[in-house]
Amino acid sequence: MAQDTTKAELDRVKNVILQAKEKACRETDNEPEPELTSRVEWPVQCTVGPGLEGAIAAETKIGYVNGTKGSLIYRGYDIFDLCAHSTFEETSYLLLHGRLPSSSELASFSAMLRRKMLIPRTQRLLLSFPVEEMLPMAALRLGTNLMRQKQTFRDKDTFLAETADSIAADEDSIPMETPPTGGKKSVFEFIKHIFTKPETAPAHLISSEEIESCYNLLGGVVSVAAAIGRVRQGHIPLEPLPDLSLAGNYLYMLTGRRPTPLQERIMDVCFILHADHGMNASTFASMVVASTLSDIYFAIGSGIAALSGPLHGGANVEVVQTLEEIGEAKSVKAWYQKAKADKRKVPGFGHRVYKAYDPRARVLGPLAEMLAEEDPAIKPLFETAKELERTVVAELGESKRIFPNVDFYSGIVYKSMGIDEHLYTTIFAVSRVAGWCARVMEYLEQNRIFRPRAIYTGTLHEEYVPLDQRDPTGT
Ligand SMILES: CC(C)(COP(=O)(O)OP(=O)(O)OC[C@H]1O[C@@H](n2cnc3c(N)ncnc32)[C@H](O)[C@@H]1OP(=O)(O)O)[C@@H](O)C(=O)NCCC(=O)NCCS
């Protein structure tokens, strides 16, 4: 009987996602943008805005965001299909290896990732820091450094590579003053000797730039993120359960309760939805760090740092706070009129790339609704959200192409699972490790250190005035 209920619930998740897909197909024609989906002849001509907006910095086969049509693709597969039919483990395999796995490949990949979640040595080290006093994203970043320390030989002085093995190459030894010619120049400029494992290094330590690091991070970051939440509640970290997925284990290790199959599946869908999203700021940050041939742990740590900023991760916290501030659905219109008069942006709406309905919000909305139906504490919040969506889209949908984004419903989903709002951005990071790793590994195959230029607008030819001759007031 219980099994029948579970199957019915899981089928319902799949159906609401497929219905969301149908709706998206009806509302958009999903034609790719030729200028963003065809091979590039380097050097490429493009119009670049401040912050590199519009710049083409790399080619990729990993994922594509069609902002005009509102579609998201990983390795050619539509996000709706992946959410309906795939798992986070399978999606991670797809992102990292470029194709869907066979059933035996998936079984061994999933089992391997589950083993990678077991990181007691790292967790013990983590507990020696005041994790409960740190911002969760800061603690997560620390966790990746500690994983690096425990899992690789890179930090062990005795195993440091001979300096003669690496090319002496500070950034200015690269001929950046010449125009970027691309093509043949976009290949390795550095020798990879520095990553060769010394014979004296213990067997369990790996190099920090190989694919094994990605697997370590995919599993390990789940455990670190859950441990951070656990420690913040005054509990000690838990070990993963071998029969739960990464998403299920995240919930178990965080709450100490075995998630229901429905909760596990919905968290799994959230992980899939956040796994990759073009060359956004955190992905770019990871790629920039990796492009110096630093290593993958540092690259992922940089992604976490970039994601921690309020312009990137974390708008879902503001969404939940805003919905709570609004209160009942009937208060939405008055609240919105005031927000509009105050020129206040509504959290969870609008997107730098999407000028259509964000497909991730199309999936998360109905899932939040499913959870709200079962949870009287969440229902009013969801109803207020629905009313806010109607109001904002009616007002700004056509005129400014403002629609709900991924953050609009994700906070409601996490809240219904009892997750503290301070942890929401860490969930984003846990899933995005897959995309960060895939893009870093892809970029390293044809690595070229990132090095844009800035236009110098300062003064020239200043004459140096000795300290004792300068105006003492400093003016
Ligand atoms: C995400 C975001 C930064 C994208 O910004 P952007 O593409 O640079 O868009 P702009 O900020 O230039 O906004 C374009 C117009 O839409 C309006 N707009 C954008 N987002 C809006 C929002 N959330 N609520 C109300 N109006 C919004 C702007 O006021 C601007 O109007 P104007 O042309 O009259 O000045 C922006 O939409 C935002 O701040 N959203 C809220 C925060 C959020 O949800 N972030 C998570 C993103 S995943």
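At what angle do H7 and H18 pack, and how far apart are their axes? H7 and H18 meet at an angle of about 30°, and their axes are 8 Å apart. On the H7 side, the contact is made by Pro136, Met137 and Leu140, while H18 brings Thr425, Thr426 and Ala429. By class, this contact of H7 with H18 has four nonpolar residues, two polar ones and no charged ones.

**Stop 1: helix H7**

Colour the buried residues of H7 next: Pro136, Met137, Ala139, Leu140, Arg141, Gly143, Thr144, Leu146, Met147, Arg148 and Gln151. To see what covers them, bring back helices including H6 (120-126), H8 (211-232), H12 (296-307) and H18 (424-445).

**Stop 2: confidence**

Before going further, colour by pLDDT. The mean for the protein is 89, and 90% of its residues reach 70 or more. Then select residues 161-193, where pLDDT stays under 50. For that stretch the model has 33 contacts beyond four places in sequence. Where pLDDT is low, the predicted coordinates should not be read in detail.

**Stop 3: helix H4**

Select residues 88-97, which form H4. Eight of the ten residues are buried, so H4 is largely enclosed by the rest of the structure. The buried ones are Phe88, Glu89, Thr91, Ser92, Tyr93, Leu94, Leu95 and Leu96. Step past the helix to Gly98, which follows H4 and has a positive phi, near 85°.

**Stop 4: helix H15**

Which elements cover the buried residues of H15? Select residues 359-374 to find this helix. Among the elements covering its buried residues are helix H1 (2-27), strand E2 (71-74) and helix H3 (79-85). Helices H10 (261-273), H16 (379-400) and H17 (406-416) are also included in that cover. The buried residues themselves are Pro359, Arg360, Ala361, Arg362, Val363, Leu364, Gly365, Leu367, Ala368, Leu371 and Ala372. As for length, the 16 residues of H15 should span 22 Å at 1.5 Å a residue; the end C-alpha atoms are 24 Å apart, which agrees.

**Stop 5: Asn405**

Stay in this region and pick Asn405, in the loop between H16 and H17. Is Asn405 buried or exposed? Asn405 counts as buried because 24 C-beta neighbours lie inside 10 Å. Leaving out residues up to four places away in sequence, Asn405 touches Gly348, Phe349, Gly350, His351, Tyr354, Asp358 and Ala361. For a distance check, draw a line from Asn405 to Lys23: the two are 382 residues apart along the chain, and their C-alpha atoms are separated by 16 Å.

**Stop 6**

**Stop 7: backbone details**

Select Trp42 and Pro43: the peptide bond between them is cis, with omega near -5°. Pro43 sits in the loop between helix H2 (34-37) and strand E1 (63-66).

Move on to Lys343, in the loop between helix H14 (332-341) and H15. Lys343 is not a glycine, yet its phi is positive, about 55°. With 6 C-beta neighbours inside 10 Å, Lys343 counts as exposed.

Another positive phi belongs to His461, a residue other than glycine, with a value near 60°. His461 is placed in the segment after H18. His461 is exposed, with 4 other C-beta atoms within 10 Å.

**Last stop: Ile449**

Finish with Ile449, also in the segment after H18. Ile449 has 15 C-beta neighbours inside 10 Å and therefore counts as partly exposed. From Ile449, jump to Ile304, 145 residues away along the chain: the two C-alpha atoms are separated by 20 Å.

Technical notes
Residues are numbered from 1 along each chain as its sequence is written. This is a predicted model: local features need pLDDT of at least 70, side-chain atom pairs count only at pLDDT 80 or more; totals for chains, interfaces and linings use all residues. Helices (H or I, at least four residues) and strands (E, at least two) are DSSP runs, numbered from the N terminus. The expected span of a helix is 1.5 Å times one less than its number of residues. A residue is buried if 20 or more other C-beta atoms lie within 10 Å of its own, exposed if 12 or fewer, and partly exposed in between; C-beta atoms are placed from the backbone. Two residues are in contact if their C-beta atoms, placed from the backbone, lie within 7 Å. pLDDT is the predictor's confidence in each residue, from 0 to 100. Axes are lines fitted to C-alpha atoms, for helices over the stretch in contact, and angles run from 0 to 180 degrees between N-to-C directions. Ala, Val, Leu, Ile, Met, Phe, Trp, Tyr, Cys and Pro count as nonpolar, Asp, Glu, Lys and Arg as charged, and the others, Gly among them, as polar.
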